Amino acid sequence: PLRRMTVPQIAARKGAEPIVALTAYTAPMARIVDAHADVILVGDSLGMVVHGMDSTLGVTLEMMILHGRAVMRGSRRALVVVDMPFGSYEESPQQAFGNAARVIAETGCAAVKLEGGARMADTIRFLTERGIPVMAHIGLTPQSTNIMGGFKTQGRDEASWPAHLADARAVADAGAFSLVIEGVVAPLARQLTEAVPIPTIGIGASAECDGQILVLDDMLGMNARTPKFVKRYAEIGRDIDAAIARYAAEVRSRDFPAEDQLYR
Ligand code: KIV
Ligand code: NA
């Protein structure tokens, strides 16, 4: 029987074999991703990707738990990490622990992810010391979209680098086992990766990181438009559209169902 990847195994990948991570939100997709990825993130991107929201801000703990349970059922090998949604952890370490403990207990996942650098260090330490491994997330943090005024690439101005470096060091010192770096220029991603003893997992953050993650639906070509950093490995949306167009045409022409689909 295959054992799941563990938090220490992922942490030990620093400077070694690159970490392969992807998001998934449903059991059937988790099953496919599980065969290839080290880490499956149940990202709060599901608010936009699955539920059609304009941002991740409306995602609830209940939504994360529901999708987390589906992904756990669909996977057996990858380490599953579930995102803490906006409003479920920022108020205090105690609030974060209560909600993260629910995520762990109700989904069976091994770790949570939360956004924020130095300002979240106390919370990361509080959770880690009480048995909840934390993946941190710095750089472009989508839950801060209203502060940033949109999704803005970080680190274009070199004057901002010390603050990003301080964020990376703070979350690593606090006990985070890995660190997502989103939407930062390549030279900053390199400095951040060199600055911490934990693996960095990049998204829109160059190949300087210790691993990579993408939003599954983006890399599969489910959405009409994707950001520059996304490589579209398939055009699933186009294939689905073609399949449904054929079905619709064959229903209208009464070519479906045909002999092969008939009970005798
Ligand atoms: O919600 C998400 O999918 C994420 C990844 C893109 C890192 O946070
Ligand atoms: Na997220």
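**Entry 1: aspartate 83**

I started with aspartate 83, which I found in strand β3, residues 79-83. I kept in mind that this is a predicted model. Is aspartate 83 buried or exposed? I counted 28 C-beta neighbours inside 10 Å, so aspartate 83 goes down as buried; the cut-off for that is 20 or more. Then I listed its contacts, skipping neighbours within four places in sequence: Leu41, Val42, Gly43, Asp44, Met64 and Lys113. Two of those names, Asp44 and Lys113, sent me onward.

**Entry 2: aspartate 44**

Next I looked up aspartate 44 and found it in the loop between β2 (39-42) and α3 (46-49). Aspartate 44 is buried too, because 29 other C-beta atoms lie within 10 Å. Beyond four places in sequence, I saw aspartate 44 touching Thr56, Val59, Met64, Asp83 and Pro85.

**Entry 3: lysine 113**

Where does lysine 113 sit? I traced lysine 113 to strand β4, which runs over residues 111-115. I noted lysine 113 as buried, since it has 24 C-beta neighbours inside 10 Å. Setting aside residues within four places in sequence, I wrote down these contacts for lysine 113: Leu41, Val81, Asp83, Met84, Met135, His137 and Val180.

**Entry 4: what the record says**

I then opened UniProt. Its unreviewed entry lists Asp44, Ser45, Asp83 and Lys113 under "binding site". These residues span 70 positions in sequence, but no two of their C-alpha atoms are more than 12.3 Å apart, so I can say they gather at one spot. Another "binding site" annotation in the unreviewed UniProt entry covers Asp44, Asp83 and Glu115. Here the span is 72 residues in sequence, with no two C-alpha atoms more than 10.8 Å apart, so these residues gather at one spot as well.

**Entry 5: around ligand 1**

Which residues are around ligand 1? I noted Thr23, Leu41, Gly43, Asp44, Ser45, Asp83, Val180, Glu182, Ile203, Ile213 and Val215. Sorted by class, I get five nonpolar, three polar and three charged residues in this shell.

**Entry 6: helix α9**

I moved on to helix α9, residues 186-195, where I found Leu188, Ala189, Leu192 and Thr193 buried. Why do these residues share a side of α9? They cover an arc of only 135° around the axis, which puts them on the same side of the helix. I jotted down a reminder: an α-helix has 3.6 residues a turn, so residues three or four places apart point the same way. What covers the buried residues of α9? My list includes α8 (161-173), β6 (178-182) and β7 (200-203).

**Entry 7: the whole protein**

Last, I stepped back. I counted eleven helices and eight strands in the protein. For 264 residues, a compact globule would have a radius of gyration near 18 Å; I have 20 Å for this protein, which agrees. Along the principal axes, its C-alpha trace spans about 70 × 40 × 35 Å. I also noted that 43% of the 264 residues count as buried. Finally, I took the contacts between residues at least 6 apart in sequence and found that 61% of them join residues at least 24 apart.

Conventions. Residues numbered from 1 in each chain as written. Chains lettered and ligands numbered in written order. Predicted model: local features only at pLDDT ≥ 70, side-chain atom pairs only at ≥ 80, totals over all residues. Near = placed C-beta within 6 Å. Nonpolar A, V, L, I, M, F, W, Y, C, P; charged D, E, K, R; others polar. UniProt positions renumbered as here; feature names shortened; annotations may be inferred. Helix = DSSP H or I, 4+ residues; strand = E, 2+ residues; numbered from the N terminus. Buried ≥ 20, exposed ≤ 12 C-beta atoms within 10 Å, placed from the backbone. Contact = placed C-beta atoms within 7 Å. Arc of directions from axis to C-beta. Rg over C-alpha atoms; globule rule 2.2 N^0.38 Å.
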